[in-house]
Amino acid sequence: MRAPHSDLPLALDEVSLRAGETGILDRISLTIRPGAPTLIVGPNGAGKSSLLRVCMGLLAPTAGGVSWGGRRDARPLRRAFVFQRPVMLRRSVAANVAYALAQAGCPRRLRALRVEELLDSVSLSGLAARPARSLSGGEQQKLALARALARDPELLFLDEPTANLDPAATRGVEEIVRAAAGAGIKIVMASHDLGQVRRLAGEVLFMVRGCLREQSEADAFLDRPSTPEAAAFLRGDIVL
Ligand SMILES: Nc1ncnc2c1ncn2[C@@H]1O[C@H](COP(=O)(O)OP(=O)(O)OP(=O)(O)O)[C@@H](O)[C@H]1O
């Protein structure tokens, strides 16, 4: 059952993150609202993963504040996160999903049916009995998505879910993301694939060196970037 409150809008107010002397995020303010997927783009090391972790509540900012639906408590009841290299439990594909359902509080008598539905939704029904660790990279990402969807999230954070996948596996993952977005789940996803931005994004957050340089609608970002760094990034120039 869903909690009555909403985690949206997600708001960051002057958020900075440091690790010792290293600045990772620098005074980021933004608001994420319901709607089409928000893609976080920028060069390697720009801070995309760190920003996702702060948005999920996995990392506390060194300065500034984060709120979900106006609340500052970080209980991630309606949020889920898929890591770039998800860790599979040493059990079957179905058991990985069943575990996620149990963690999410799904009653035992409903779990078998939900496992079937979730595996079907990520096209893994045929592999239900396989050890999860024997899956290919693309299949593991799909299973990680099924586990995340088992939480019935309102907000789903994805950290470069297609970074190491070939085009066919990328398409499979993107179809799941598109279906989740179509079902009303707010997707916030790091990517450095501009083709993916074109295919999936409603909105773009463009980051360079820990700073948020643009938050714009995807078409505007792609056609009329407002900063020289974004224009260079879109041209394929090296942006440091
Ligand atoms: N715990 C930490 N201690 C020190 N530096 C860190 C720590 N975590 C991240 N960083 C640094 O912060 C910067 C941002 O890292 P982050 O992984 O968020 O970037 P990214 O945009 O996701 O990169 P990539 O595209 O390569 O995944 C990097 O320079 C990274 O080395």
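This is a predicted model: local features need pLDDT of at least 70, side-chain atom pairs count only at pLDDT 80 or more; totals for chains, interfaces and linings use all residues.
User: Over how many bridges do strand S1 and S2 pair in the antiparallel sense?
Analyst: Residues are numbered from 1 along each chain as its sequence is written. Strands are DSSP runs of E with at least two residues, and helices runs of H or I with at least four, numbered from the N terminus; two strands pair if DSSP finds at least two bridges between them. Strand S1 (residues 10-19) is joined to S2 in the antiparallel sense, with Arg18 opposite Gly23 in S2, and the number of bridges is 7.

User: Which strands stand at the edges of the sheet?
Analyst: The open sheet holds 3 strands with antiparallel pairing, in the order S2-S1-S4. Because each edge strand has a single partner, one side of each is left without a neighbour in the sheet, and these strands are S2 and S4 (63-68).

User: Which element supplies the largest share of the shell around the ligand?
Analyst: The ligand is surrounded by 13 residues (C-beta atom, placed from the backbone, within 6 Å), and Ala19, Asn44, Lys48, Ser49 and Ser50 are the closest. At least two residues of the shell come from each of strand S2 (22-32) and helix H1 (48-56). The largest share, 3 residues, belongs to H1.

User: What is the mean pLDDT of the protein?
Analyst: The model scores ipTM 0.96 and pTM 0.95. In the protein 98% of residues reach 70 or more, and the mean pLDDT is 95.

Note on methods. pLDDT is the predictor's confidence in each residue, from 0 to 100.
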